[in-house]
Amino acid sequence: NPPVEDFLVWRDLRIFDEIHWYSWFTDYYMEGGLMRDMFTHEVTTVTQWKLATLPNFFTKFEMRYGRFVDEGEVVDPNIDPMCATLSEGCYPVLVIDPLALVDPEYGPAEARKLAELVNGTKGFEDWMIEEEAWECVWNELITSRKGIKTYLDRDTFDYETYTLSFELKNEMWHELNRLIEKYKDQEDQVAIDLV
């Protein structure tokens, strides 16, 4: 992890935008690649979308929604053409909870979801271990901490030094709540796991 002072500089410059980018990515996949503005979450034009997908090259001001879409203008929905190159499109086939993946109670089931997804998939057949060993491997990696180091191995890490203001936490809550409200009525397993 970066030194706390570096984190605080990054936090003050970027985290508000990062909050919106994460929810924008969620919308992007849950809507099968629908092009939306990352800050307003409105359907956007192909031109604005192309700039928004390269946020390190264009400033927030350069890619602002109002520069491409006039107030009151109705934009026809567009799907990212990249989605047509994927056999299943851009809608997720699975949601994995990274915290559940390492949780002693839920971890084996979460790891099983991932293993079942790739089992039998072209390119994995020569590398996939027998199903009977899946939970054993999970126990060795997560419970016994064998293998590469993960964030679980950071016993000296002090999360309290990486602080967030009320405003940032409130913005996170707002975006999470927006996504929950938007997808809570969908009945497929991906939406259920997401919410």
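Q: Which residues of α6 are buried?
A: In this predicted model, the buried residues of α6 are Leu168, Glu171, Glu175, Arg178, Leu179 and Tyr183. They are placed on the same side of α6 because the arc they cover around the axis is only 110 degrees. Phe166 and Trp173 are exposed, on the other side of α6.

Q: Why do residues three or four places apart in an α-helix point the same way?
A: An α-helix has 3.6 residues a turn, so residues at that spacing point the same way.

Q: How do you know that the span of α6 agrees with 1.5 Å a residue?
A: Helix α6 runs over residues 166-183, which is 18 residues, and should therefore span 26 Å. Its end C-alpha atoms are 26 Å apart, so the two values agree.

Q: What do the buried residues of α6 pack against?
A: They pack against α1, residues 4-30, and against α7, residues 189-194.

Q: What makes α1 roughly parallel to α6?
A: The two helices pack at an angle of about 5 degrees, and their axes are 10 Å apart. Angles under 35 degrees count as roughly parallel, so α1 is called roughly parallel to α6.

Q: Which residues of α1 and α6 meet, and how do they divide into nonpolar, polar and charged?
A: On the α1 side, Arg11, Ile15, Phe16, Ile19, His20, Ser23, Thr26, Asp27 and Met30 take part. On the α6 side, the residues are Leu168, Glu171, Met172, Glu175, Arg178, Leu179, Lys182 and Tyr183. The residues of this contact divide into eight nonpolar, three polar and six charged.

Q: What makes the phi of histidine 41 worth a remark?
A: Most residues other than glycine have a negative phi. Histidine 41 has a phi near 65 degrees, a positive value in a residue other than glycine. Histidine 41 is found in the loop between α1 and α2, the latter being residues 46-52.

Q: Why is histidine 41 called buried?
A: Its relative accessible area is 10%. Buried means under 20%, so histidine 41 is buried.

Q: Why is methionine 35 called buried?
A: Methionine 35 is found in the loop between α1 and α2. Its relative accessible area is 3%, and the limit for buried is under 20%, so methionine 35 is buried. Leaving aside neighbours within four places in sequence, methionine 35 is in contact with Glu42, Val43, Thr44, Val46, Trp49, Asn78, Ile79, Asp80 and Pro81. Methionine 35 and glycine 66 are 31 residues apart in sequence, and their C-alpha atoms are 15 Å apart in space.

Q: Why is arginine 145 called partly exposed?
A: Arginine 145 has a relative accessible area of 38%. Buried is under 20% and exposed is over 50%, with partly exposed in between, so arginine 145 is partly exposed. Arginine 145 lies in the loop between α5, residues 134-143, and α6. Its phi is positive, about 60 degrees, although arginine 145 is not a glycine.

Q: Which residues of α5 are buried, and why are they said to line one face of the helix?
A: The buried residues of α5 are Trp134, Trp138 and Ile142. Seen down the axis of α5, they fall within an arc of 40 degrees, so they line one face of the helix. The buried residues of α5 pack against α3, residues 98-101, and α4, residues 107-118.

Q: What makes the buried residues of α4 a set on the same side?
A: The buried residues of α4 are Gly107, Pro108, Glu110, Ala115 and Val118. Their arc around the axis is only 165 degrees, which puts them on the same side of α4. What covers them includes α3 and α5.

Q: How do you know that the reach of α4 is close to what is expected?
A: With 12 residues, α4 is expected to reach 16 Å at 1.5 Å a residue, and the distance from its first C-alpha to its last is 17 Å. Just after α4, glycine 120 takes a positive phi of about 85 degrees.

Q: How many helices and strands does the protein chain have?
A: The protein chain has seven helices and zero strands. Its C-alpha trace spans about 60 × 45 × 30 Å along its principal axes. Of the 195 residues in the protein chain, 29% are buried.

Note on methods:
Residues numbered from 1 in each chain as written. Predicted model: local features only at pLDDT ≥ 70, side-chain atom pairs only at ≥ 80, totals over all residues. Heavy atoms only, no water. Helix = DSSP H or I, 4+ residues; strand = E, 2+ residues; numbered from the N terminus. Expected span 1.5 Å × (residues − 1). Buried < 20%, exposed > 50% of the residue type's maximum accessible area, 1.4 Å probe, protein only. Arc of directions from axis to C-beta. Contact = heavy atoms within 4.5 Å. Axes fitted to C-alpha atoms, helices over the stretch in contact; angles between N-to-C directions. Parallel < 35°, antiparallel > 145°, perpendicular 65-115°, else oblique. Nonpolar A, V, L, I, M, F, W, Y, C, P; charged D, E, K, R; others polar.
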